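Please find my notes on this model below, as numbered points. They are meant to be read with the structure open.

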Amino acid sequence: MKRMKTTFACFALGVLTVLAFLFSCADQSSMLASPGARLVSGADYAGRETCALCHAEISKEFGQTLHARMHMSDPERQERDLVCEACHGPGSLHVEAGGGRDVSIVDPSDNPLACFQCHSSVQARFMQKFKHPLPQGRVGCMDCHDPHGRNIFSPVDRIMSSRDEVCRQCHQEQSGPYVFEHEALREGCTSCHNPHGSINEKLLVQRDTNLCLRCHAQIASPGSVLIGGFSHTSRVAQGACWSSGCHTAVHGSNINSHLRY
Amino acid sequence: MKKARMILLISLSGLIWFGRGLAEEPRGSVAPEYTLIGVEGDESQFREHFWTREGSIGGLERFNLKDDLDKKTSFEGRGHALFGNDDYEIELKLSRKDTGFLRGGFSEYSKYFDDSGGFFEPFAESSFDLNRDLELNIGKFFLEAGVTLPDWPKLRLAYEHRYKDGEKSLTGWGAVTQSGMSRNIFPTFKDVDETRDILTGEIDHTVHKVKLQDRFRYEHFESDTTRHEESRDLDAGESESVTVDESQSSDNFLNTFSSEMNISESVYASLGYFYSQYEGDADFGMLTLPFNEPFDKNWSASMIDLDQKSHLLNLNLMAGPYKDVRLSGGIGSEWVTTKGDTKGQLRGIGFGGNLEEPAVDAETDRDGRELEENLGIRYTGLPKSTLYAEGRWIQEDIDLQELEREDQSVALDRSTDTDRTEARYKTGFSTSPIRQVTLAAHYKREQKNNDYDHATDSVPAGYSAFILEQDISTDELGAKLSLQPKSWIRTSFAYRLVETTIDTVFDNDPSKVSSGDYDAHIYTLDVTFTPVSNLFLSLVQSYWDIQGDSYDQSVDAVIPYEGDVFTSFASASYALDEKTELWLDYTYSRTNNFKDNADSGLPLLLDDRLQRVRTGLSRQLSDRLEMEVSYHLYEYAGEHNKGINDYSAHLVGVKISLDF
């Protein structure tokens, strides 16, 4: 894997070198194009004020959103005011057509590319083996995130704002409540799951016993695993803690305080 | 039945469109598509990775329609229907400006699961398959109506029926034993039959610049699941099955009332109150066959009651901008009570082989109170830059009473008082000193502390309340440099360092020990390159360097988690002429964290690679007609399990897009 690291480092260095060369002959009239620029071909930027004529409420509240912290005010550079079009793409054709959903405009709820242009590490997550079906178009970024909201972790039509409420929308069976809860649920679903994508089944952060032991392993003599005062040394050799009836009810149990079944 | 419902909806939309008299030229498009997928190797693994079946898949890849019925009324329809892959979606909307709207739709898709379990090379039979097509149908039907009359309260009422039906795999595998050695590798699965009926309503109105909003939501949830586990003894040629039936029914009512207003030109305030009530009941049944060995269990519970109530009140203020400074702050309080009650029978065979059948009565009562504060500041006074800092603090107190009786004798009596605190801080900046350069960086710290006080505990040492205190700390440092030296090239390079440590005090030692840690270095490179007007190239590369430890590193069965995950996505599109485009993309994902500890444990880490190549040619046949042919190659290869899940797959497809 060292070879892979070296290859990656060399590649990154190579790209930066090429860029350094390109900078030396940079065209000062070029514009730092907004990420949405290539999403609507043939369209020009209309500007935030034009968008506000029809989308007054969203435009007014934009300053209160988390995304607004990436916006830099600079009156000398008009492209800075391409707040809406940074994600939705240039909107001139949309304006000419009189508006309408999907009419010459990017709807990030249908097109994750609008989000991936800034969140490329998230895009890479969705290329791993296990992921929510975003690349297949069966869910959208806005099913879990509200880009216009003050809380980015809330879907648009959510009733209150807790991150796990987002997961509960589709995974109620795992959300409880339970007679005997697993306290890990208080730390949030993302303690154990990578919601965007993972190399592990069920989007697990880790597939092996380390996932449990990092919270539950007690000090023991070398060569043994002690959990709750009981030796689990032979148990952990068999596989993950939640296998074969031991602690199958990882989210919580209605029948056993040790989360068996 | 579901397909019939789909066809009915499509027909309905067609009738609406054709029957309305074609007042104006409609605008829409339709894209029939046919694909043929062939898989060599593990078909179920392919299905799970790419959410698609092999074989023939055809239908409408998309259709959409927008038609102005008159000057104020419009009809919109969109969706897709791909037969062979059970992938359908239709959404119809009829709206009249300043009057209201009616919206309805249906969607269904399938999630596929691999039916193999784990892999253990030393066994005579190293892996097992269920020989089942594990498929879960996930769908919903919805109907929504709204009133948007000017100067009247805005109203919205919606009904939604969601369902999941089918079978899914589980990662909790059954034991396989050979020569006295057991490893959990036998695949397990679960039958799922789940429905949710959701009624939501919303009313918005502005009175004297105060925006008032009330949202309610009622949910009825029904779930019947059956978990199938199996254990195998390879020496004796015997197997044992455990079947767990669970059913659950619950009603959940939630309501939020909120008000928002601009107190002055630069001060915004909001106040909200949330109430929810959950009432649920469930039952549990377990059957072990054959039922004759020590520790075999046939537990059952015919009455499980769960109730939860929650109140939440919050107040938020935002002020600014005052000379480039914007301030925000909020405070919220939540009170949650949860009661659980189980009555059942723990029928099982004891250590000595004797049958035990205690009646169990378990009651839990949880009372949680939480206070949350948040504060944020954003400064845009520096030229071409934004600075920000945010903080969030949570203090929570949870009282938990647990009482479990077996045949009237107390088996567990515990009272736990948990003090829980959480603090999150984030600060960062974004700057663009020259047109071609943007730099953003942030630092984030998250600190959680759980302090458990077991005032009463009938099991004073050990299971299950053996954790007395736990700290979880995460530090994250991130930076992203975006460059656009020329209009035709844009690139960004991002780095993120995440360090998580878990420190715990256990009941057998008063000192705080580092029980776990997780470190990740994440590098992402993104390049978009358009050297000539008819060629577009892009590349996204990401590399995760991960290390994770838990305390018990002296045991060979538990090995540190060390992993390299490399993901790359490259795409190119080339316009051969004004009407013809050739495109190609390549995805590569490589994982290498495998360690062979089969002598002492079950190897669960990975050494594998997943690749996909897609290419296609599209041609504009006329102003309104476009045709695309495509070919995809998929390949998965895993060294960690000697290739038992390997596959290669080929897809050929043709799609025609027609604008009308």
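1. Helix α2 (residues 43-50) of chain B is mostly covered, with 8 of its 8 residues buried (a residue is buried if 20 or more other C-beta atoms lie within 10 Å of its own, exposed if 12 or fewer, and partly exposed in between, with C-beta atoms placed from the backbone). The buried residues include B:Phe46, B:Arg47, B:Glu48 and B:Phe50. Helices (H or I, at least four residues) and strands (E, at least two) are DSSP runs, numbered from the N terminus. After α2(B) comes B:Trp51, with a positive phi near 55°.

2. This is a predicted model, in which local features need pLDDT of at least 70 and side-chain atom pairs count only at pLDDT 80 or more, while totals for chains, interfaces and linings use all residues. Residues are numbered from 1 along each chain as its sequence is written, and chains are lettered from A and ligands numbered from 1 in the order in which they are written.

3. What do the buried residues of α2(B) pack against? Their partners in chain B are β1 (27-41), β5 (100-113), β6 (134-147), β25, β26 and β27. Contact here requires C-beta atoms, placed from the backbone, within 7 Å.

4. The last three of those strands can be followed by their pairing, which requires that DSSP finds at least two bridges between two strands. In chain B, β25 (residues 607-620) and β26 (residues 625-638) are antiparallel over 13 bridges, and a hairpin through 4 residues joins β25(B) to β26(B). B:Asp608 stands opposite B:Gly638 of β26(B). β26(B) also pairs with β27 (residues 647-659) of chain B, in the antiparallel sense over 12 bridges; there B:Met627 is opposite B:Ile656 of β27(B). In a regular strand, side chains alternate between the two faces of the sheet.

5. Between the chains, 123 residues of chain B are in contact with 82 residues of chain A. On the chain B side, strand β21 (residues 509-529) gives the most, with 10 residues. That side has 54 nonpolar, 48 polar and 21 charged residues (Ala, Val, Leu, Ile, Met, Phe, Trp, Tyr, Cys and Pro count as nonpolar, Asp, Glu, Lys and Arg as charged, and the others, Gly among them, as polar).

6. Chain A has 12 helices and 6 strands, and 39% of its 261 residues are buried. Of its contacts with a separation of 6 or more, 52% are between residues 24 or more positions apart.

7. A:Thr190 lies in the loop between α10 (184-187) and β3 (197-198) of chain A. A:Thr190 counts as partly exposed because 15 other C-beta atoms lie within 10 Å.

Methods: Contact = placed C-beta atoms within 7 Å.
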